[in-house]
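The questions below ask what stands behind the terms used for this model. Each answer sets a value against its cut-off.

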Amino acid sequence: MRRTWLFVMILSATVGGEMARSLAFQQPSSASQSSATRVVLLGTGTPAATPDRSGPATAIVVNDTAYLVDFGPGVVRRASAAATSRSIAALQPTRLQVAFVTHLHSDHTVGYADLIFSPWTLGRRVPLEVYGPRGLTDMTAHLLAAYRADIETRTNADGNQRSFPDGYKVNAHEIAAGVVYKDKNVTVTAFATKHAMESYGYRFETADRTIVISGDTNPAQATIDACRGCDVLIHEVHTSAWLAARPEAGGAPPGTFKRFSEKYHTTSEQLGELARAAKPRLLILYHYNSLSPEELQADMMKHYAGQFVIGRDLDVY
Ligand SMILES: [Zn+2]
Ligand SMILES: [Zn+2]
């Protein structure tokens, strides 16, 4: 397990009035290690098919239970990678059982079939619980219909999954803003964001941390209100230089994506302003677009003096 070391700078006055500086550190106890809430970045990417950045997917892991937010392409393999390389057993594919989706754009949901079926074939015995906007129930029903032949052959008299025929099933819950989920580990509150369709961000409150994730959105007061000094804010972003340089995809008329992006996404300048109001202890950038990581870093530093990191797949916070 990757350990987190907390460094504390202690300034103390000596008898002679001089300031002495010492560096102390403390390792969290093993009890707090096992109960601590962790953010695992499974996919920090965008629709761009970037090999080292999988599609949008984030796991909040609390007391050995995983809660997913979004299921972009590669979600199950990234979860499996985190289970192995980061020793996070809760992310073993068969243990992926609860997920929240921010909106139904394809880059956030093309891993849905993967999340439904791959863990089942590996041994998940219980239905998947999924929470998200209107349309989730239809999307779920259509996917199950699309894989009807697979389900039939796996559950018939010859089928390898016939003794656990519930593992592909999905309980899809269409939500509205407010508390959408609560168990002994976590309370999850959805808040409406500003995107091209019905969309939500989520606030996770656990015994030791509050974590807010934006999904795709224009700057939203609801995000600021959901955070208000939260421990971690995970937010999408792009730089203006990237937007100016981006060629239109598919030969669309010039300015098509720029107009979309200005309405439905967030620039680093806007994110700096939002984060100054939201005051997270740590800001994690994900679903980002920039000319390079260095350009994103420099641009964010211009607009935000607080602590932030550029998220990478399989980073744990
Ligand atoms: Zn989107
Ligand atoms: Zn997106």
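**Terms and values**

The axes of helix α10 (residues 268-278) and helix α11 (residues 293-303) come within 8 Å and cross at roughly 45°. The model is predicted, so local features need pLDDT of at least 70 and side-chain atom pairs pLDDT 80 or more, while totals for chains, interfaces and linings use all residues. Residues are numbered from 1 along each chain as its sequence is written, chains are lettered from A and ligands numbered from 1 in the order in which they are written, and side-chain values use heavy atoms, without hydrogens and water.

Q: Why is α10 called oblique to α11?
A: Angles under 35 degrees count as roughly parallel, over 145 as roughly antiparallel, 65 to 115 as roughly perpendicular and the rest as oblique. The axes of α10 and α11 cross at roughly 45°, and that makes α10 oblique to α11. The axes are lines fitted to C-alpha atoms over the stretch in contact, with angles from 0 to 180 degrees between N-to-C directions.

Q: Which residues make the contact of α10 with α11?
A: Contact means heavy atoms within 4.5 Å. On α10 the residues are Ser-268, Glu-269, Leu-271, Gly-272 and Arg-276, and on α11 they are Asp-299, Met-300 and His-303.

Q: Why is His-238 called buried?
A: Buried means under 20% relative accessible area, exposed over 50%, and partly exposed in between (1.4 Å probe, protein chains only). His-238 has 4%, and is therefore buried.

Q: Where does His-238 lie, and what does His-238 touch?
A: His-238 is in strand β13 (residues 232-238); strands are DSSP runs of E, at least two residues, and helices are runs of H or I, at least four, both numbered from the N terminus. Not counting residues up to four places away in sequence, His-238 touches Leu-243, Ser-261, His-265, Thr-266, Thr-267, Ser-268 and Asn-289.

Q: What makes a set of residues a nonpolar core?
A: The members are buried Ala, Val, Leu, Ile, Met, Phe, Trp, Tyr and Cys residues joined through side-chain atoms within 4.5 Å. The largest such core here has 36 residues, of which Val-40, Leu-42, Leu-68, Leu-91 and Tyr-112 touch the most other members. Helix α4 gives the most to this core, with six residues. Apart from it lies another core, of 25 residues, including Val-186 and Leu-282.

Q: How many of the residues of the protein count as buried?
A: The share is 49% of the 317 residues.
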